[in-house]
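Morning, everyone. Let me walk you through one structure. Have a look at it first.

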Amino acid sequence: MTGRRLAGKVALITGATGGIGTATAELFAREGARLVLTDVAEGPLADLARRIEAGGAEAVHARLDVSSARQWDEVIALVRDRFGTLDVLVNLAGIVDWPGVEDTREDAWDRVIDVNQKGTWLGMRAAMPLLRASGDASVVNTSSVLGLVGSGAAAAYQASKGAVRLLSKTAAVEYARHGVRVNSVHPGVVATPMIQDILDEEGDRQPDVRRTPMRRAGRADEIAPAYLFLACAESSFVTGSELVVDGGLTAY
């Protein structure tokens, strides 16, 4: 059963073919959103759009490297031409690099920051005119529990996710009087393609799974409702906040 909580809303989702991205796109479609799906994986992206349209929702798709200002401008032009408005921006595209401070290569650092941090900023910058014109819009950015606490590894990833957390807060303050709410979601260990190889190898012996009070990894469909809540009217007085979905990992 659904409440059609996004009926008539236009939502743009980046990283739509990732585990959480796909779950979020499918949930938004069931809740009545008209979707603009983006990713760099063009084949899976087209397949996702076809599945969603077969279910009766409206979906368009476009390739988007979120680190490219030009490609962001092209996608926003597509949104404007197709729908004339934008009500929800979900920044989900992201990549990870695992080494710590000394072992991280400069090119790897730059790529992680470009996608995770710069890509989030570019998306908000490009989309904000349409979001402001909506008058009742929501931006949901993706940080991580590793944007809240240290791990001793993944230096570039943690730096980028910490930046997304505070970028979301400052944007929330800037646009609160312009009808745009900005929040961040902070997933814990989630069984997605980005870390599935680690989970397959270590299972419940994976260190972050052992530290999670629920003693398991989350599922993508357990994270997607966080994005729905922050996108819809139920969170109308929520901005500048972090929604942590981590099985208790950061509760210690």
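By class, how many nonpolar, polar and charged residues are in the lining of the largest cavity? Four are nonpolar, four are polar and none is charged. Here Ala, Val, Leu, Ile, Met, Phe, Trp, Tyr, Cys and Pro count as nonpolar, Asp, Glu, Lys and Arg as charged, and the others, Gly among them, as polar.

A word on the source. This is a predicted model: local features need pLDDT of at least 70, side-chain atom pairs count only at pLDDT 80 or more, and totals for chains, interfaces and linings use all residues. Residues are numbered from 1 along each chain as its sequence is written, and side-chain values use heavy atoms, with hydrogens and water left out.

Back to that cavity. Its volume is about 30 Å³. The lining residues are Thr14, Val66, Asn91, Leu92, Ala93, Val115, Gly119 and Thr120. Helix α4 gives the largest share, three residues. On a 1 Å grid over the protein atoms alone, a cavity is a set of points where a 1.4 Å probe fits but cannot get out; a pocket is an open set with protein on both sides within 12 Å along at least five of seven lines; lining residues have an atom within 4 Å of a point. Grid points are joined across faces, edges and corners, and a volume is the space filled by probe spheres set on the points.

Now the largest pocket. It holds about 940 Å³ of space. Its lining counts 44 residues, with Gly94, Val96, Tyr157, Thr192 and Met194 nearest the centre. By class, 25 are nonpolar, 13 polar and six charged.

Next, the sheet. Seven strands form an open sheet, ordered β3-β2-β1-β4-β5-β6-β7, with parallel pairing. Strands pair if DSSP finds at least two bridges between them. Helices (H or I, at least four residues) and strands (E, at least two) are DSSP runs, numbered from the N terminus. β3 (59-63) and β7 (242-245) are at the edges, each with a single partner strand, so one side of each has no neighbour in the sheet. Inside, six bridges join β5 (residues 137-142) to β6 (residues 180-187). Val139 stands opposite Val182 in β6.

Last, two helices. The axes of α3 (residues 69-82) and α4 (residues 106-134) come within 10 Å and cross at roughly 30 degrees. Axes are lines fitted to C-alpha atoms, for helices over the stretch in contact (heavy atoms within 4.5 Å), and angles run from 0 to 180 degrees between N-to-C directions. Among the residues that meet are Trp72 and Ile76 in α3, and Leu122 and Leu130 in α4.
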